Amino acid sequence: MSGRLSCALIGNPSVGKSLIFNHLTGLGVEVSNYPGTTVDLMRGNVCYEREMIELVDLPGIYSLEGESEEETLVRGILKRKEADILIAVLDTTHLERNLYLLLQIAEYKIPTVVVLNMVDEAAKFGIEIDYTLLTNLIGSPVIPTIASEGKNMEAILNAARGNPGIPFISVPYDHHVEAAVRSLSKVYSIERSAALQALVRPEEMDDLAESAQGLATEIEQRHNMTAHQIIATNRHNYARSLGEQVTKRRTPPPRFDLDTLLTRTFPGIPILIAVIISILLLVFTAGAFFEEIIVDLFNTFAIEPFLALNLPGIAAPIGGSILIALQAGLGIAFPYVFIFYLVISIIEDSGYLTRAAFLADRSMHRFGMHGQGIIPMVLGFGCSVPALMSVRLLATRRERIIAAVLVTMIPCSARTVVISGIVASFIGLAAAFSVYGIVFLLVLVTGIVLSRITPGQQFGMILEMSALRMPQPKMVVKKAWMRLSEFLFIAMPLLLVSSVFLGIFEYFGLVSAFQDLITPYSEAVLGLPGFAATALLFGILRKEMAFETLAVLAGTADLGSVMTSVQLYIFAVVCVLFIPCISTIAVLIKEIGRKWAILISLYTVLLGIVVGALLKIGMT
Amino acid sequence: MQTSLEEDILESILVIRQGGVAATVEKIASHLSVAEDTIIPALEKCKGRALLTGDVASEWHFTPEGKRTAEKVARKHAVLSCFLSEKLGLEAEAASREACILEHGVSEETIEALDSYLQTTGRGCSRGHGRRNCDHLSASSPLVTFPEGATVFVTFIRCPGRHRRLIDLGIIEGEPITIRRKLHNDAVVITVKGCDIALSPEVASEIHVRRQE
């Protein structure tokens with residue numbers, strides 16, 4: 001082997017691949033106790049005893065033959081032999097199920113190091129593994145580890161550098177399957193793994209696929225089972241006998257099972273609701289507290305000194321805009337988004353999120369989604385940007401689109417600032433709640449309509465419940481930090497650029513020109529003064545900026561003196577519904593594509609204007 | 001073309017005679033659980049169409065034509081109830097009841113198509129289609145019909161192509177499953193190979209299981 005050694009971590013979801021990757025590379029990789037969080041590939045370099053090793057963290061999969069994005073990705077890497085060595089990570093507590101994947105991996109004939117992770121938890125369950133026997137049976141080195149404590153991590157690297165063997169373990173399939181595999185590999189001179197894949201599910205439409213389909217149909221008729229079922233059954237049975245050979249099981253000590261509380265309708269659903277409400281309360285109170293501090297600090301130490309400089313010409317608006325954008329970005333990002341991520345990471349790592357998804361499955365069904373859909377929805381109350389990023393956890397494109405639309409509409413913390421700052425303080429608390437009522441009603445209706453009209457098939461939820469674990473503070477902070485930086489990376493540049501543009505426009509009088517232009521329309525349709533329409537425009541940058549701009553343009557913080565209650569109410573409703581902020585649009589484009597991002601933006605603009613106009617007609 | 005009642009009468013005469021008993025009005029009526037008076041006009045009509053011979057007082061016999069008609073109806077019933085219980089997973093009794101209704105409206109071509117479909121993909125009840133041939137499946141019903149805490153064994157998964165993930169997770173024929181949790185909407189958490197897996201109601205209803213291995 002010349003050059004750099006490249007190793008790929010492969011295994012079932014939540015077996016500790018990312019944790020091992022983390023320990024080995026020292027990089028901050030997201031780890032979560034929620035199946036399917038690694039969709040983008042994480043790469044890192046390890047310098048171990050003066051040798052460079054490239055490490056790739058592959059997404060968690062249950063099989064190599066499926067059609068999901070992750071499975072296709074991993075299969076491609078194995079087929080093209082892009083990794084010199086595979087590090088197959090197995091969950092020792094569920095050895096049999098994990099061996100099923102290992103048996104498939106072995107068919108690709110790549111040198112492999114087998115890592116048995118979570119041996120400490122397995123010991124608690126009374127499971128003992130004969131590692132030497134397993135090594136002899138598989139043909140590749142087997143290494144027991146405890147990734148959560150970083151135990152035996154160097155042994156993985158040592159084994160990877162020590163020319164690990166190609167696993168020689170091979171599943172004896174049903175003789176019809178074996179015959180089909182032999183004839184396919186002979187006729188098309190392909191490997192056993194490729195022949196099996198063709199029998200199970202051909203990837204391309206070619207001659208191979210055609211002959212494989214013919215053989216598969218024949219097998220199916222003979223056995224009354226699909227080829228995939230037969231092959232899977234053979235593998236499962238082999239994995240079971242393999243597991244039984246190497247496992248010594250003592251009776252596990254009885255344990256208190258929290259799931260008796262968490263997954264029942266009662267008290268599970270009250271607990272779920274309490275958890276969601278306390279997350280929101282915590283984020284809002286703590287977020288508001290820190291936001292105020294950050295904004296104040298910025299005002300005293302950056303904006304005021306800058307204004308005192310009295311820079312000439314265009315420099316002043318540009319510099320001012322940059323400072324305002326920084327203030328806006330950091331004022332929201334750190335307090336709200338970071339706290340939100342911290343809480344969500346704790347919930348994710350503890351394994352509670354899968355329970356929440358299970359309980360929420362029924363209500364999410366009404367919106368054409370499954371239990372997993374609750375995650376973006378809850379995240380959406382904090383900030384739409386991370387919520388939209390989490391949309392990729394959903395299984396089908398159909399669900400992703402529905403979730404993206406609804407997340408965009410859910411009042412995020414910035415919109416809550418608008419509602420509380422305008423409606424609650426100038427009109428009353430009841431009116432503020434009625435704004436929420438209107439928005440929730442629209443979310444509900446949109447969800448129900450979307451579940452009918454969105455193209456694509458609906459599949460049921462099949463979700464492995466993660467084991468309940470104590471989240472590790474270090475990992476939680478690391479993950480929250482990773483996500484925060486992802487947010488800043490997307491949101492900050494946009495915020496800066498658009499803020500500068502608006503500053504320049506204002507300097508050249510374009511904003512007041514726009515205001516003159518829009519005034520007749522805004523008065524006729526929404527009954528709002530022209531400066532309110534301009535404020536709405538600023539809301540595109542960041543939702544609560546609409547509120548701040550309104551105060552600036554109105555020339556007074558006492559909005560009640562310049563606008564009627566009806567006007568304020570309409571302004572708040574339109575602002576909450578009206579077009580997602582610019583960072584949200586950017587993430588929408590990234591996650592579900594330009595077409596849907598434009599459609600969603602248009603829909604929200606239309607919704608805001610129509611609802612505002614209806615309110616105007618109804619209230620005056 | 002016969003009415004539904006006439007077809008039912010012909011079918012029940014066939015069943016009664018297969019049991020080696022004389023088909024009297026009394027027997028036919030009790031087999032169909034209707035009053036004797038209601039079937040007498042229909043019996044007379046069948047006699048008029050040369051499907052049956054006999055009279056109210058004694059026993060009824062088939063003409064060759066009558067026997068053929070009766071067998072056709074019986075076959076429709078068997079194919080339909082086999083399809084309903086085997087392929088769609090209805091309980092055997094419910095399947096038979098449904099088949100009693102459907103058999104009168106279904107065309108010969110549909111039954112032929114359904115029969116050849118069952119022959120190619122059926123499981124053990126491809127020959128004869130007698131009601132008894134499906135008996136081994138009567139013990140098998142969708143996962144959602146079993147209570148929380150039950151340990152059951154997988155018999156089959158409907159639409160296996162759509163549920164590859166289930167198969168990869170180890171839900172294969174004969175595999176023991178424990179129902180850990182079942183909500184009122186039939187969403188379940190099951191334990192397979194030591195792992196807890198949450199399933200939506202629509203997925204859970206596709207998995208067929210039975211009590212004993």
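Trainee: How many salt bridges does the rule find across the interface of domain 1 of chain B and domain 2 of chain B?

Mentor: The rule finds 0 there; a salt bridge needs a side-chain nitrogen of Lys or Arg within 4 Å of a carboxyl oxygen of Asp or Glu. Keep in mind that this is a predicted model, where local features need pLDDT of at least 70, side-chain atom pairs count only at pLDDT 80 or more, and totals for chains, interfaces and linings use all residues. Residues are numbered from 1 along each chain as its sequence is written, chains are lettered from A and ligands numbered from 1 in the order written, and side-chain values use heavy atoms, leaving out hydrogens and water.

Trainee: What does the rule find in polar contact across that interface of domain 1 of chain B and domain 2 of chain B?

Mentor: It finds 2 residue pairs, both at pLDDT 80 or more. A polar contact is a pair of N or O atoms within 3.5 Å; within protein, one must be able to donate a hydrogen and the other to accept it, and residues adjacent in sequence count only if both atoms are side-chain atoms.

Trainee: And what is the area buried between domain 1 of chain B and domain 2 of chain B?

Mentor: About 740 Å², with carbon and sulfur atoms giving 61%. Buried area is the accessible area (1.4 Å probe) that two parts lose on being put together, summed over both. In domain 1 of chain B, B:Glu7, B:Glu11 and B:Leu14 lose the most area to domain 2 of chain B, together 64% of what that side buries. Helix 1 (residues 4–18) of chain B gives the largest share of that side, 6 residues; helices are DSSP runs (H or I, at least four residues), numbered from the N terminus.

Trainee: Over in chain A, why is A:Thr620 called exposed?

Mentor: Exposed means over 50% relative accessible area, buried under 20%, and partly exposed in between (1.4 Å probe, protein chains only). A:Thr620 has 71% relative accessibility, so it counts as exposed. A:Thr620 lies in the segment after helix 26 (594–619) of chain A.

Trainee: What makes helix 22 (residues 530–538) of chain A mostly covered?

Mentor: In helix 22 of chain A, 8 of its 9 residues are buried, among them A:Phe531, A:Leu536 and A:Phe538.

Trainee: Which helices do the buried residues of helix 22 of chain A pack against?

Mentor: They pack against helix 20 (473–507), helix 21 (510–525), helix 23 (543–554) and helix 24 (565–577) of chain A, where contact means heavy atoms within 4.5 Å.

How values were computed
Helices (H or I, at least four residues) and strands (E, at least two) are DSSP runs, numbered from the N terminus.
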